[in-house]
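Subject: Structure handover

Hi,

Here is the structure I promised to pass on. Please open it alongside this note.

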Amino acid sequence: MKSHRKELHVHLPARRGLVNITPQVQQAIDESGVREGLCLVNAMNITASVFINDDEAGLHRDYERWLERLAPEKPYSQYDHNGFEDNADAHLKRTVMGREVVCAITGGRLDFGTWEQIFYFEFDGMRDKRVLIKIIGE
């Protein structure tokens, strides 16, 4: 069994943002040489998420509005966590959207449905973050 590890580095210029990382994940699979196996992709920060869905701008705006209603950024004073930092809402949004995805690899490709893509969703940006890609298989 082969194992391959790669880190993506992300630095978004805004507090929140969404990035399609599917091409980078597929590139890591290509580099690994794995034809049949599994690929784990996870955000290595507690204020960011990795998830799978459709790459459609309206849906992305819907996520932003929905998450902001669930855990509004302001007022900062509404959260016990906020004191030194002002990112309690980012922690909550990450919990809702999830930490990671596991994807099947078949024939050296991500084994996805028609519209599925992998996204990195940043909730407390403007600093360096990492995404782990871990591939195992034959």
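Below is what turned up, element by element.

One caution to begin with: this is a predicted model.

**The sheet**

Three strands form an open sheet, and their order is β2-β7-β4. The pairing is antiparallel. Strands of a sheet pair through backbone hydrogen bonds. β2 (17-20) and β4 (48-53) are the edge strands. Each has a single partner, so one side of each is left without a neighbour in the sheet. Neighbouring strands are turned by 25 degrees against each other on average, direction ignored.

Look at the β2 and β7 pair. β7 covers residues 117-122, and the two strands share 4 bridges in the antiparallel sense. Leu 18 sits opposite Phe 121 in β7.

Two helices pack on this sheet. Helix α2 (residues 57-70) touches β2, β4 and β7. The direction of α2 makes about 40 degrees with that of β7. Helix α3 (residues 88-97) touches β4 and β7. The direction of α3 makes about 30 degrees with that of β4.

**Helix α3**

How many of the residues of α3 are buried? The count is 7 of 10, so the helix is mostly covered. The buried residues are Ala 88, Asp 89, Ala 90, His 91, Lys 93, Arg 94 and Met 97. Their cover includes β3 (36-43), β4, α2 and β7. Just after α3 comes Gly 98, with a positive phi of about 95 degrees.

Charged side chains also pair within this helix. Lys 93 forms a salt bridge with Asp 89, and the closest N and O atoms are 2.8 Å apart. The two residues are 4 apart in α3, which means about one helical turn separates them. An α-helix has 3.6 residues a turn, so residues three or four places apart point the same way. Both Lys 93 and Asp 89 are buried.

**Other salt bridges**

The structure holds 17 salt bridges. Here are some to inspect on screen.

- Glu 73 pairs with Arg 15, with the closest N and O atoms 3.3 Å apart. Glu 73 lies in the loop between α2 and α3, and Arg 15 in the loop between β1 and β2, so the pair ties together parts that are 58 residues apart in sequence. Both residues are buried.
- Glu 122 and Lys 129 meet through their side chains at 2.6 Å, N to O. Glu 122 is buried, and Lys 129 is too.

Salt bridges also link residues into a network. Its members are Arg 15, Arg 16, Glu 64, Glu 68, Glu 73, Asp 86, Asp 89, Lys 93, Asp 124 and Arg 127. Both Glu 73 and Arg 15, and Lys 93 and Asp 89, are salt-bridged pairs described above.

**The surface**

Which residues form a nonpolar patch on the surface? They are Met 1, Leu 38, Val 102 and Ile 136. Together they have about 410 Å² of accessible area. Met 1 is in the segment before β1 (2-10). The relative accessible area of Met 1 is 75%, so Met 1 counts as exposed, the cut-off being over 50%.

Best wishes

How values were computed. Residues numbered from 1 in each chain as written. Predicted model: local features only at pLDDT ≥ 70, side-chain atom pairs only at ≥ 80, totals over all residues. Heavy atoms only, no water. Pairing = 2+ DSSP bridges. Axes fitted to C-alpha atoms, helices over the stretch in contact; angles between N-to-C directions. Contact = heavy atoms within 4.5 Å. Patch = residues over 30% accessible without salt bridge, like charges linked within 9 Å, V, L, I, M, F, W, Y side chains within 5 Å. Areas by Shrake-Rupley, 256 points an atom, 1.4 Å probe, with all protein chains shown as cover. Salt bridge = Lys/Arg side-chain N within 4 Å of Asp/Glu carboxyl O. Buried < 20%, exposed > 50% of the residue type's maximum accessible area, 1.4 Å probe, protein only.
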